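I opened the notebook to work through the strands, the helices packed on them and the charged pairs. The entries follow the order in which I looked things up.

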Amino acid sequence: MRLVQEKGADASQEGVCMPRLQRLTLDSTLEATPRQIVDTPQLGGWLPGGSRVYVPYLPGSGLGQVLEGCQQLVAMGLLPVPHLPARALTSRARLNGLLQALAACGVRQLMLVAGDSDRVQGPYRDTLDLLESGLLAEQGFDQLGITGYPGGHPRIRPHQLDDALRVKREYARASGSRLWIVTQFDFDAQTIGRWIDRLQGAGDPLPIYVGIPGPTRLHQLIGFAAQCGVGASTRLLRRRPSAARLLRTWTPDGLVQALLQHPESGEGGRIAGFHLYPFGGLRASVEWLQRLRSESAQSVEVSPTRRPLADGVSDA
(Lines give C-alpha, C1' and ligand atoms only; values in the text may rest on other atoms or scores of the structure.)
Protein backbone atom coordinates (compact mmCIF):
# COMPACT_ATOMS: atom_id res chain seq x y z
CA MET A 1 0.00 0.00 0.00
CA ARG A 2 1.37 3.36 -0.99
CA LEU A 3 0.93 5.49 2.11
CA VAL A 4 0.49 8.91 0.53
CA GLN A 5 -0.51 7.94 -3.00
CA GLU A 6 -4.27 7.50 -3.19
CA LYS A 7 -6.66 7.91 -6.06
CA GLY A 8 -6.67 11.57 -6.96
CA ALA A 9 -3.24 12.26 -5.44
CA ASP A 10 -0.49 13.55 -7.71
CA ALA A 11 3.28 13.33 -7.76
CA SER A 12 3.69 16.81 -6.30
CA GLN A 13 1.63 15.81 -3.28
CA GLU A 14 3.79 12.74 -2.76
CA GLY A 15 6.88 14.91 -3.09
CA VAL A 16 5.66 17.03 -0.20
CA CYS A 17 4.49 14.17 2.02
CA MET A 18 7.44 11.80 1.81
CA PRO A 19 10.01 14.20 3.34
CA ARG A 20 7.46 14.97 6.05
CA LEU A 21 6.91 11.26 6.66
CA GLN A 22 10.64 10.65 6.95
CA ARG A 23 11.09 13.49 9.42
CA LEU A 24 8.18 12.46 11.62
CA THR A 25 8.93 8.74 11.71
CA LEU A 26 12.60 9.27 12.55
CA ASP A 27 11.62 10.95 15.82
CA SER A 28 8.58 8.83 16.62
CA THR A 29 8.24 7.24 20.04
CA LEU A 30 6.65 4.11 21.46
CA GLU A 31 4.80 3.22 24.65
CA ALA A 32 5.41 -0.11 26.38
CA THR A 33 4.14 -1.38 29.72
CA PRO A 34 6.64 -2.72 32.28
CA ARG A 35 5.36 -6.24 31.61
CA GLN A 36 5.78 -5.86 27.85
CA ILE A 37 9.35 -4.65 28.35
CA VAL A 38 10.31 -7.52 30.63
CA ASP A 39 8.63 -10.06 28.33
CA THR A 40 10.26 -8.65 25.18
CA PRO A 41 14.05 -8.71 25.66
CA GLN A 42 14.47 -8.46 21.87
CA LEU A 43 12.98 -4.94 21.85
CA GLY A 44 16.48 -3.47 21.89
CA GLY A 45 17.18 -5.26 18.62
CA TRP A 46 13.97 -4.10 17.01
CA LEU A 47 14.53 -0.38 17.62
CA PRO A 48 17.50 1.85 16.77
CA GLY A 49 19.74 2.58 19.73
CA GLY A 50 18.63 5.64 21.67
CA SER A 51 14.97 5.32 20.71
CA ARG A 52 12.61 6.74 23.32
CA VAL A 53 10.20 4.32 24.94
CA TYR A 54 7.54 5.61 27.34
CA VAL A 55 6.78 3.47 30.38
CA PRO A 56 3.25 3.98 31.76
CA TYR A 57 2.17 3.43 35.34
CA LEU A 58 -0.85 1.13 35.36
CA PRO A 59 -3.43 1.18 38.19
CA GLY A 60 -2.98 -1.85 40.39
CA SER A 61 0.71 -2.15 39.65
CA GLY A 62 3.58 -0.67 41.60
CA LEU A 63 5.92 2.19 40.84
CA GLY A 64 8.70 -0.33 41.33
CA GLN A 65 7.59 -2.04 38.12
CA VAL A 66 8.00 1.24 36.24
CA LEU A 67 11.53 1.52 37.64
CA GLU A 68 12.29 -2.07 36.64
CA GLY A 69 11.05 -1.41 33.11
CA CYS A 70 13.29 1.65 32.87
CA GLN A 71 16.31 -0.34 34.02
CA GLN A 72 15.62 -2.97 31.35
CA LEU A 73 15.36 -0.31 28.63
CA VAL A 74 18.65 1.30 29.65
CA ALA A 75 20.31 -2.12 29.48
CA MET A 76 18.93 -2.50 25.93
CA GLY A 77 20.44 0.83 24.85
CA LEU A 78 17.08 2.59 24.70
CA LEU A 79 15.95 5.80 26.41
CA PRO A 80 13.17 5.30 28.96
CA VAL A 81 10.60 8.03 29.55
CA PRO A 82 8.59 6.89 32.58
CA HIS A 83 5.19 8.25 33.46
CA LEU A 84 5.20 10.14 36.75
CA PRO A 85 1.62 9.69 38.08
CA ALA A 86 0.79 12.50 40.50
CA ARG A 87 -2.14 10.85 42.28
CA ALA A 88 -0.30 7.58 42.92
CA LEU A 89 2.45 9.26 44.96
CA THR A 90 1.77 8.88 48.67
CA SER A 91 4.13 11.55 50.03
CA ARG A 92 6.80 14.09 49.21
CA ALA A 93 9.40 11.63 50.43
CA ARG A 94 8.04 8.98 48.05
CA LEU A 95 8.28 11.37 45.11
CA ASN A 96 11.80 12.38 46.06
CA GLY A 97 12.93 8.79 46.46
CA LEU A 98 11.42 7.76 43.13
CA LEU A 99 13.11 10.65 41.30
CA GLN A 100 16.44 9.72 42.86
CA ALA A 101 16.04 6.07 41.84
CA LEU A 102 15.06 7.01 38.28
CA ALA A 103 18.03 9.36 37.95
CA ALA A 104 20.36 6.68 39.31
CA CYS A 105 19.31 4.19 36.63
CA GLY A 106 19.85 6.68 33.81
CA VAL A 107 16.45 8.29 33.30
CA ARG A 108 16.69 11.90 32.08
CA GLN A 109 13.17 12.56 30.77
CA LEU A 110 9.76 12.24 32.42
CA MET A 111 6.17 12.11 31.22
CA LEU A 112 3.96 13.99 33.69
CA VAL A 113 0.46 12.57 34.17
CA ALA A 114 -2.21 12.96 36.79
CA GLY A 115 -2.96 9.23 36.70
CA ASP A 116 -5.94 7.16 35.62
CA SER A 117 -7.38 6.83 39.12
CA ASP A 118 -9.65 9.51 40.59
CA ARG A 119 -8.33 8.62 44.05
CA VAL A 120 -5.56 10.92 45.28
CA GLN A 121 -3.22 8.89 47.46
CA GLY A 122 -1.02 11.73 48.67
CA PRO A 123 -0.36 15.47 48.38
CA TYR A 124 -0.35 15.64 44.56
CA ARG A 125 -3.68 16.05 42.80
CA ASP A 126 -2.31 16.73 39.34
CA THR A 127 0.80 17.53 37.35
CA LEU A 128 0.76 21.18 38.44
CA ASP A 129 1.26 19.99 42.01
CA LEU A 130 4.28 17.97 40.87
CA LEU A 131 5.81 21.05 39.29
CA GLU A 132 5.05 23.21 42.32
CA SER A 133 6.76 20.69 44.63
CA GLY A 134 10.15 21.91 43.34
CA LEU A 135 11.53 18.37 43.49
CA LEU A 136 11.74 17.86 39.74
CA ALA A 137 14.04 20.84 39.37
CA GLU A 138 15.93 19.89 42.52
CA GLN A 139 16.66 16.41 41.13
CA GLY A 140 17.69 17.81 37.73
CA PHE A 141 14.67 16.73 35.68
CA ASP A 142 14.22 19.53 33.15
CA GLN A 143 13.02 17.52 30.12
CA LEU A 144 9.32 16.94 30.60
CA GLY A 145 6.49 15.58 28.50
CA ILE A 146 2.95 16.77 29.17
CA THR A 147 -0.40 15.50 27.93
CA GLY A 148 -2.65 16.91 25.22
CA TYR A 149 -6.25 16.00 24.39
CA PRO A 150 -7.27 16.77 20.79
CA GLY A 151 -10.72 15.25 21.34
CA GLY A 152 -11.16 16.84 24.75
CA HIS A 153 -10.95 15.33 28.22
CA PRO A 154 -13.94 13.40 29.59
CA ARG A 155 -13.81 15.19 32.97
CA ILE A 156 -11.87 18.43 32.43
CA ARG A 157 -13.28 21.44 30.59
CA PRO A 158 -11.30 22.99 27.71
CA HIS A 159 -10.65 26.28 29.53
CA GLN A 160 -9.19 24.35 32.48
CA LEU A 161 -6.86 22.48 30.15
CA ASP A 162 -5.83 25.81 28.60
CA ASP A 163 -5.13 27.32 32.02
CA ALA A 164 -3.03 24.30 33.02
CA LEU A 165 -1.00 24.55 29.81
CA ARG A 166 -0.34 28.23 30.46
CA VAL A 167 0.97 27.48 33.96
CA LYS A 168 3.21 24.71 32.62
CA ARG A 169 4.66 27.08 30.02
CA GLU A 170 5.37 29.61 32.76
CA TYR A 171 7.11 26.92 34.81
CA ALA A 172 9.26 25.97 31.80
CA ARG A 173 10.32 29.58 31.22
CA ALA A 174 11.11 30.16 34.89
CA SER A 175 13.01 26.89 35.38
CA GLY A 176 14.68 26.60 31.99
CA SER A 177 12.92 23.28 31.38
CA ARG A 178 12.13 21.84 27.96
CA LEU A 179 8.53 20.77 27.46
CA TRP A 180 6.79 18.82 24.73
CA ILE A 181 3.25 17.49 24.31
CA VAL A 182 2.23 13.87 23.80
CA THR A 183 -1.42 13.57 22.82
CA GLN A 184 -4.10 11.07 23.63
CA PHE A 185 -4.82 9.03 20.53
CA ASP A 186 -7.66 9.96 18.23
CA PHE A 187 -9.00 8.53 14.97
CA ASP A 188 -10.04 11.83 13.37
CA ALA A 189 -7.27 13.83 11.67
CA GLN A 190 -9.53 16.89 11.40
CA THR A 191 -10.08 16.91 15.16
CA ILE A 192 -6.33 16.65 15.72
CA GLY A 193 -5.64 19.37 13.16
CA ARG A 194 -8.16 21.81 14.68
CA TRP A 195 -6.65 21.24 18.12
CA ILE A 196 -3.15 21.96 16.80
CA ASP A 197 -4.41 25.11 15.07
CA ARG A 198 -5.99 26.26 18.33
CA LEU A 199 -2.63 25.96 20.07
CA GLN A 200 -1.10 28.40 17.59
CA GLY A 201 -2.11 31.40 19.66
CA ALA A 202 -1.48 29.81 23.05
CA GLY A 203 2.08 31.03 23.51
CA ASP A 204 5.52 29.64 22.73
CA PRO A 205 5.27 26.68 20.35
CA LEU A 206 5.82 23.29 21.93
CA PRO A 207 6.75 20.16 19.97
CA ILE A 208 3.78 17.82 19.60
CA TYR A 209 3.95 14.04 19.36
CA VAL A 210 0.62 12.94 17.95
CA GLY A 211 -0.67 9.80 19.64
CA ILE A 212 -1.83 7.08 17.26
CA PRO A 213 -2.75 3.43 17.89
CA GLY A 214 -0.53 0.83 16.29
CA PRO A 215 -2.02 -1.92 14.11
CA THR A 216 -4.81 -3.45 16.18
CA ARG A 217 -7.75 -5.81 15.84
CA LEU A 218 -11.15 -4.11 15.77
CA HIS A 219 -12.47 -5.43 19.08
CA GLN A 220 -9.25 -4.53 20.91
CA LEU A 221 -9.17 -1.03 19.47
CA ILE A 222 -12.76 -0.25 20.42
CA GLY A 223 -12.17 -1.58 23.92
CA PHE A 224 -9.05 0.51 24.48
CA ALA A 225 -10.77 3.60 23.02
CA ALA A 226 -13.60 3.24 25.54
CA GLN A 227 -11.14 2.84 28.41
CA CYS A 228 -9.14 5.90 27.33
CA GLY A 229 -12.12 8.22 26.89
CA VAL A 230 -12.02 8.64 23.10
CA GLY A 231 -15.46 7.12 22.51
CA ALA A 232 -16.67 10.11 20.46
CA SER A 233 -14.02 9.48 17.83
CA THR A 234 -14.89 5.77 17.76
CA ARG A 235 -18.61 6.52 17.33
CA LEU A 236 -17.76 8.76 14.40
CA LEU A 237 -16.04 5.88 12.64
CA ARG A 238 -18.93 3.54 13.35
CA ARG A 239 -21.37 5.94 11.73
CA ARG A 240 -19.36 5.85 8.49
CA PRO A 241 -19.61 2.36 7.01
CA SER A 242 -16.55 2.71 4.76
CA ALA A 243 -14.39 3.77 7.69
CA ALA A 244 -15.81 0.98 9.83
CA ARG A 245 -14.85 -1.57 7.20
CA LEU A 246 -11.28 -0.28 7.26
CA LEU A 247 -11.29 -0.44 11.02
CA ARG A 248 -11.82 -4.19 10.99
CA THR A 249 -8.20 -4.61 9.90
CA TRP A 250 -7.14 -1.24 11.25
CA THR A 251 -3.72 0.28 10.72
CA PRO A 252 -2.83 3.97 11.19
CA ASP A 253 -1.85 4.47 7.52
CA GLY A 254 -4.90 6.52 6.59
CA LEU A 255 -4.66 8.66 9.72
CA VAL A 256 -0.96 9.34 9.11
CA GLN A 257 -1.66 10.19 5.48
CA ALA A 258 -4.23 12.79 6.53
CA LEU A 259 -1.93 14.26 9.20
CA LEU A 260 0.85 14.71 6.63
CA GLN A 261 -1.40 17.26 4.88
CA HIS A 262 -1.36 19.56 7.90
CA PRO A 263 1.05 22.52 7.54
CA GLU A 264 2.53 21.84 10.99
CA SER A 265 3.81 18.45 9.80
CA GLY A 266 6.38 20.16 7.58
CA GLU A 267 9.95 21.10 8.41
CA GLY A 268 9.99 23.36 11.47
CA GLY A 269 6.34 22.60 12.25
CA ARG A 270 4.91 21.83 15.64
CA ILE A 271 4.27 18.16 14.88
CA ALA A 272 7.57 16.58 15.91
CA GLY A 273 6.64 12.92 15.44
CA PHE A 274 4.14 10.21 16.22
CA HIS A 275 3.67 8.44 19.53
CA LEU A 276 2.58 4.82 19.10
CA TYR A 277 0.20 3.09 21.49
CA PRO A 278 0.85 -0.60 20.67
CA PHE A 279 -2.57 -2.00 21.53
CA GLY A 280 -2.04 -4.81 19.02
CA GLY A 281 1.37 -5.74 20.43
CA LEU A 282 4.85 -4.26 20.39
CA ARG A 283 6.07 -6.24 17.42
CA ALA A 284 3.20 -5.19 15.15
CA SER A 285 3.74 -1.51 15.99
CA VAL A 286 7.51 -1.66 15.55
CA GLU A 287 7.21 -3.44 12.21
CA TRP A 288 4.66 -0.87 11.03
CA LEU A 289 7.00 1.98 12.03
CA GLN A 290 9.96 0.31 10.33
CA ARG A 291 7.93 -0.03 7.14
CA LEU A 292 7.12 3.67 7.11
CA ARG A 293 10.72 4.61 7.75
CA SER A 294 11.90 2.38 4.94
CA GLU A 295 9.17 3.60 2.57
CA SER A 296 10.01 7.25 3.13
CA ALA A 297 13.78 6.66 2.96
CA GLN A 298 13.39 5.07 -0.47
CA SER A 299 11.57 8.17 -1.75
CA VAL A 300 13.76 10.84 -0.20
CA GLU A 301 17.46 11.32 -0.72
CA VAL A 302 19.08 10.67 2.64
CA SER A 303 21.09 13.58 4.01
CA PRO A 304 24.83 12.86 4.39
CA THR A 305 24.58 14.16 7.96
CA ARG A 306 22.37 11.20 8.93
CA ARG A 307 23.93 7.93 9.98
CA PRO A 308 22.49 4.72 8.53
CA LEU A 309 20.77 2.25 10.79
CA ALA A 310 19.72 -1.34 10.32
CA ASP A 311 17.19 -2.14 7.58
CA GLY A 312 17.98 0.97 5.57
CA VAL A 313 16.60 3.38 8.17
CA SER A 314 18.41 6.64 8.83
CA ASP A 315 18.72 8.48 12.09
CA ALA A 316 18.91 12.25 12.39
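I began at L144, and I found that L144 stands opposite L179 in β6. I then looked up the strands around this pair: β5 (residues 143-148) and β6 (residues 178-183) pair in the parallel sense over six bridges, where pairing requires that DSSP finds at least two bridges between two strands. I note that helices (H or I, at least four residues) and strands (E, at least two) are DSSP runs, numbered from the N terminus.

Before going further I recorded the ground rules: this is a predicted model, in which local features need pLDDT of at least 70 and side-chain atom pairs count only at pLDDT 80 or more, while totals for chains, interfaces and linings use all residues. Residues are numbered from 1 along each chain as its sequence is written, and side-chain values use heavy atoms, with hydrogens and water left out.

**Entry: the barrel.** I followed the pairing onward and found a closed barrel of eight strands, in the order β1-β2-β3-β4-β5-β6-β7-β10, with parallel pairing. Neighbouring strands of this sheet are turned by 30° against each other on average, direction ignored; for such angles, axes are lines fitted to C-alpha atoms, for helices over the stretch in contact, and angles run from 0 to 180 degrees between N-to-C directions.

**Entry: β2 and its neighbours.** Two bridges join β1 to β2, which run parallel, and in β2 the bridge partner of L30 is V53.

**Entry: helices over the strands.** I traced the chain from β2 through helix α4 (residues 63-75) to β3 and recorded a right-handed β-α-β unit, the hand being right if, with the strands pointing away from the viewer, the path from the first strand over the helix to the second runs clockwise. The helix α4 lies across β2 and β3, running at about 170° to β3. Helix α5 (residues 92-104) lies across β3 and β4 (110-113), and its angle to β3 is about 175°.

**Entry: salt bridges.** I counted eight salt bridges in the structure, each being a side-chain nitrogen of Lys or Arg within 4 Å of a carboxyl oxygen of Asp or Glu. One of them joins the side chains of D27 and R52 at 3.7 Å, N to O. D27 lies in the loop between α1 (11-26) and β1 (29-31) and R52 in strand β2 (residues 52-55), so the pair ties together parts that are 25 residues apart in sequence. I noted D27 as partly exposed at 30% relative accessibility, whereas R52 counts as buried at 11%.

I then turned to α14 (residues 282-299), where E287 and R283 lie four residues apart, about one turn of the helix. Their side chains meet in a salt bridge at 2.9 Å, N to O, and both are partly exposed, E287 with a relative accessible area of 41% and R283 with 48%. In α14 I also looked up R291 and E295, which are four residues apart and so separated by about one helical turn; the closest N and O atoms of their salt bridge are 3.3 Å apart. R291 is partly exposed at 32%, while E295 counts as buried at 13%. I recorded that D253, R291 and E295 are linked in a network of salt bridges.

**Entry: a loop proline.** Is P263 buried or exposed? P263 sits in the loop between α13 (253-259) and β10 (271-277), and I noted it as exposed, with 63% relative accessibility. The C-alpha atoms of P263 and D197, 66 residues apart along the chain, are separated by 9.7 Å.

**Entry: totals.** Buried residues make up 50% of the 316 residues in the chain. Of the contacts (heavy atoms within 4.5 Å) with a separation of 6 or more, residues 24 or more positions apart account for 80%.

Definitions and conventions
Buried means under 20% relative accessible area, exposed over 50%, partly exposed in between (1.4 Å probe, protein chains only).
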